[in-house]
Amino acid sequence: ESDFSYYDSIQALNSKLVLEENVVGVLGFSQGAAFLPLFLSQGPMFNFVVTFSGYPLRNTNQPLLDNIIDVPSLVWIGGKDTVVTLDKTIQFASVSFNREKTTMIIDGDGTHALPKSCDETFEKVVVFIRDQMRTFPTTIAPTTIAPTTIAPT
């Protein structure tokens, strides 16, 4: 049995966010991407989300995941990712994000790594982030990132 708790992770992230200013977006890779729907189920803390090689979490409290992420989102998928396969990331995207606000990028040559500047999809990711930063220039109210106590059920 592990001492790891999703709830401890949520508390740790909330504590960190209270110390930061001007946070408008969040990026997650692999396990970090998989954790974002659970973390963001508390409410809108960010104006946009970018995930790389995300997958659906198992053994989580399902009611926490009923809220679809409803902010502009980019889901990057590595076509040659053997750690988090294409079908897992597509499943992750379909259950976690509002399709109308989500851009999905499939990098046919992408593996289980962030795209590099020489990768075909790198510029698309950069453009998405730049567009979001122009749209939402540090406008999050501090009250949306206040620490929240969540107890396991």
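**Notebook: strands, a helix, a patch and a loop residue**

I began with strand β1 (residues 25-29), which has a covered face made of Val26 and Gly28 and an uncovered face made of Gly25, Leu27 and Phe29. I note here that the model is a predicted one. Looking for the partner of β1, I found strand β2 (residues 48-52), to which β1 is joined by 5 bridges, with the two strands running parallel. Within this pairing, Gly25 stands opposite Phe48 of β2.

I then turned to helix α2 (residues 31-40), where 8 of the 10 residues are buried, so the helix is largely enclosed by the rest of the structure. I listed the buried residues as Ala33, Ala34, Phe35, Leu36, Pro37, Leu38, Phe39 and Leu40.

Next I looked at the surface, where Leu86, Ile90, Met104 and Ile106 form a nonpolar patch with about 320 Å² of accessible area together. The elements that contribute two or more residues to this patch are α3 (86-96) and β4. I checked one member, Ile90, which lies in helix α3; because its relative accessible area is 36%, between the limits of 20% and 50%, Ile90 counts as partly exposed.

Last, I looked up Thr121, which sits in the loop between β4 (102-107) and α4 (122-135).

Conventions: Residues numbered from 1 in each chain as written. Predicted model: local features only at pLDDT ≥ 70, side-chain atom pairs only at ≥ 80, totals over all residues. Heavy atoms only, no water. Helix = DSSP H or I, 4+ residues; strand = E, 2+ residues; numbered from the N terminus. Buried < 20%, exposed > 50% of the residue type's maximum accessible area, 1.4 Å probe, protein only. Patch = residues over 30% accessible without salt bridge, like charges linked within 9 Å, V, L, I, M, F, W, Y side chains within 5 Å. Areas by Shrake-Rupley, 256 points an atom, 1.4 Å probe, with all protein chains shown as cover. Salt bridge = Lys/Arg side-chain N within 4 Å of Asp/Glu carboxyl O. Pairing = 2+ DSSP bridges.
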